[in-house]
Amino acid sequence: MTATSTPYAPGELYPPMSTAGTVGPSRFQQQYYPLSQWLQAPWLRLASQLPSMPFPMSMPVPVHYIFKPKQVRLTDGNLVLDTPVPTSYLSAVDFQTGVEFEKMRYMAVTCDADQVPEGRYKLRTQVFKRRVELAICLTESPQAFCLTLHSLIKNIKHMCLAGSKSRAHRNPVWAEEDSWKKVVICIVADGRKNLNPLILRVLATMGCWQEGVAKNQVNGHAVQAHIFEYSTQVSVNSKLRLKGRTLKNTNKDHYPPIQIVFCLKERHTKKLNSHRWFFNALCPLLEPRITLLTTAGAKIGKGSLYNLWSAFDRNPQTAGACGEIRVAKGLLWWKVLNPLIAAQIFEYKVSSVLEKPFESIFGYISVMPSALVAYRYAALLPEPISGKGPLTVYFEPDYLVFSEDHHDISEVLEYSYFSEDQILPFLVTTRQHAQYTMQYVKSAWAETELPAGIGTFLGMKRKWQNRRFFGAIYAVAHLSSIWKSGHNFFRKLWLTIEIIYIGCDTAFWFLALGNYYLVFYYMTKTLASASRVTIGSTLFMLTRYSYIFLIVVVIMISMGNRPRGQSLYLFILSFIFFACIQAFILFSAGYLTFIHATEFLPYANWNSFPTVVAVFKAAGYHVLILALVCCWAVYLVSAILYGEPWHMIACFVQFLLLMPSYVSVLGVYAFCNMHEVNWGIKEPEDHEKDPLISRDAIYHASTVLMPDDHSVASAYQDAIDDLDRKKRPKSGSSVSLTTSSSTSLLPTHTDSTTSLLPGSNTKAPPKPKKTVSRQDDIKTLQSDYYRSFRTQILLLWIVANGALVITISSDQLEPYLVLNDGSNLYVTIVVWIITVGATGRFLGSVVYLLGWIWQKIGQLKSP
């Protein structure tokens with residue numbers, strides 16, 4: 001039977017039945033027909049029921065995909081299906097022969113991720129006995145998925161395509177004609193129900209997905225993940241335009257075959273579990289030399305994959321490497337007009353110019369960006385005797401949820417669940433009997449979009465600050481692990497100095513709220529007592545109490561409230577107020593310095609340099625001015641040395657004004673919401689509550705329903721049309737960016753042979769019973785524990801900063817802190833700590849830059 005093209009006549013069966021097999025639900029039925037009613041009733045419905053269903057007159061009659069029975073035999077007890085790709089796609093690409101080009105492979109995984117290597121599952125790279133140099137993990141996300149995937153494919157083309165003018169072809173690894181066989185892109189989608197339909201359309205146009213192929217059960221076991229494999233030769237860019245050799249653009253540039261493994265998890269268990277599927281399920285089958293992690297939304301720069309790979313190739317002791325994270329600034333830097341984006345641009349540039357190079361010379365990078373980070377796979381493997389390794393500790397929170405024997409929930413702190421993925425670099429660096437180090441690769445970069453609103457900004461930075469804070473605590477608490485590693489004495493001492501520095505920096509940041517208030521307090525108080533300021537006392541009182549009141553307000557709106565609605569306006573007002581406070585502090589420092597300096601002007605001999613220095617030292621709070629000048633000079637000189645001075649011109653003022661908001665608003669919001677660690681784990685969904693899970697199983701030899709060639713071709717053309725903006729419907733589109741119920745992923749028909757026999761009765765699946773499972777109890781215990789832990793840390797933070805403010809500003813201690821020039825000793829110490837830290841990072845950055853230049857010179861000399 002072929003797809004119908006005319007409306008159904010009265011009395012015709014709906015949907016039509018074929019003697020060849022059962023027809024699955026169409027896209028029209030999935031969109032307009034209630035799923036619960038479709039599942040609970042027989043599939044055969046009279047056309048008399050059609051008038052009650054919405055049928056827009058402008059919408060064409062949909063295509064019905066036809067499923068035909070096919071005899072299959074399990075491969076080593078696993079369901080493996082090879083389905084042909086559409087001929088319209090295959091006839092346009094370069095490589096047309098070979099099973100990896102002619103057919104897409106589907107494999108149903110019925111076990112946990114850790115059991116996949118023992119379950120006799122095999123990927124095509126194992127079948128073809130290929131050596132994989134680079135395995136890339138791309139975690140699925142609705143935002144900018146095509147942008148990241150297309151940039152990865154262009155990087156692989158830059159490395160592997162013969163004839164491309166790339167430095168990679170000087171390396172014998174990538175000089176081979178079929179070097180594309182050494183790279184695999186693994187796309188891990190987090191949950192079938194949560195999968196964005198747009199991503200399926202993109203993968204369908206690339207040949208990596210076919211509708212109706214995935215199955216629910218094998219041998220009575222529910223499928224845990226669906227793995228699709230295909231070597232595609234086309235790509236889809238961020239504008240949803242098909243790129244490569246196709247029937248529409250045969251004369252344009254083409255791509256080498258790209259090996260893609262699409263792993264669709266059945267359950268929504270979040271990012272940490274997705275990483276576990278990549279490292280513990282796919283990597284043991286691929287056996288890659290280097291693994292790279294990235295997230296959807298990051299545009300990988302040209303040549304970045306090769307530059308990261310070459311960092312491992314040059315130094316066998318390099319176990320981890322990361323690249324620079326750049327910010328999308330828009331045409332002519334128009335996004336800098338938003339002060340929030342401008343401040344973030346400056347922050348990212350300081351990190352890539354000062355912090356990352358400084359930490360790289362020590363051999364340990366405390367914060368590895370999740371958008372572009374790579375690890376040597378051998379450094380992550382467990383020890384052969386103990387069976388434990390960095391990944392064991394890294395995935396411990398995920399095991400805590402999925403294990404049958406749940407431990408005490410307080411053990412989550414032992415494994416630093418709150419630090420997220422920032423403990424993995426420390427675990428690799430301090431591995432016993434090894435000398436692994438981390439490295440920052442300046443020539444590798446990824447571009448990402450930044451939040452333009454305060455609400456999204458607080459949500460993103462909250463998670464970033466919390467994981468950095470707890471990652472530093474984990475490193476300091478496990479300082480002894482450095483001396484148990486295989487590094488030599490000097491490297492151990494060098495790493496110990498770095499960890500101590502990180503600990504001091506974290507402690508200083510922990511007290512940043514109190515320190516900034518003390519700077520404000522003494523600056524305004526000194527200004528109030530100045531003889532030339534008549535309203536100083538009143539202004540000091542108003543600003544002081546306004547400052548304290550706003551801090552209390554920020555704490556109250558941060559506790560359990562998201563920055564939206566009325567609370568969002570309060571956050572915006574807080575940002576504006578603290579920007580005014582920062583401007584007032586800078587004005588006070590300059591004005592006080594001017595007042596004290598003018599007192600010595602009649603007596604100063606400006607021809608003598610020592611006299612000028614003495615006049616400047618006599619000025620009040622000259623240290624603050626000097627520190628600001630030194631910090632600005634450090635940022636400027638380092639930016640010029642790295643050839644990127646433009647952010648100093650366009651973004652420094654915005655960052656300077658918003659810096660107190662990072663401390664007084666973002667810091668408060670981060671500590672008040674540290675219990676919302678939503679990146680990592682989620683309690684697994686019960687299959688009994690899923691109406692799409694079929695109770696029929698596929699056994700050793702069975703008949704399954706597969707789409708015929710005409711349906712495969714129709715589905716492929718539908719996917720191309722959906723990506724074409726001119727053909728995409730304006731409303732009711734099936735490729736909406738919002739997440740919807742994926743009723744089209746798995747066919748709701750039965751998969752047993754008896755369901756195809758005439759007169760067989762199809763029973764509706766039983767209604768799920770509402771029961772309180774043990775997982776619900778575990779979830780409640782975890783939520784309570786996270787909130788209790790949040791309260792303890794928040795209380796400690798408030799008490800520590802409050803005690804600091806009360807102690808330093810007390811009347812008993814204040815006389816001992818006043819210097820001869822009228823400035824405060826504690827403020828001077830705080831300012832000098834900031835200046836010395838910036839200077840130390842600058843020196844480390846210069847050392848890294850000299851090494852990078854020397855490395856480039858060596859590459860130019862090499863043939």
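Modeller: A salt bridge is a side-chain nitrogen of Lys or Arg within 4 Å of a carboxyl oxygen of Asp or Glu. This is a predicted model, in which local features need pLDDT of at least 70 and side-chain atom pairs count only at pLDDT 80 or more, while totals for chains, interfaces and linings use all residues. Residues are numbered from 1 along each chain as its sequence is written, and side-chain values use heavy atoms, leaving out hydrogens and water.

Colleague: What is the N to O distance between the side chains of Glu 133 and Arg 131?

Modeller: Glu 133 has a relative accessible area of 2%. Residue burial is judged as follows: buried is under 20% relative accessible area, exposed over 50%, and partly exposed in between, with a 1.4 Å probe and protein chains only. Glu 133 is therefore buried. Its side chain meets that of Arg 131 in a salt bridge, with an N to O distance of 2.4 Å.

Colleague: Which residues do salt bridges that share partners join into one network with Glu 133?

Modeller: Glu 133 also forms a salt bridge with Arg 289, at 3.3 Å from N to O. Arg 289 is partly exposed, at a relative accessible area of 28%. Through shared partners, salt bridges join Glu 133 into one network with Arg 131, Arg 289 and Asp 313.

Colleague: Is Arg 124, the salt-bridge partner of Asp 82, buried or exposed?

Modeller: The side chains of Asp 82 and Arg 124 meet at 3.7 Å, N to O. Asp 82 has 23% relative accessibility, so Asp 82 counts as partly exposed. Arg 124 has a relative accessible area of 7%, and is therefore buried.
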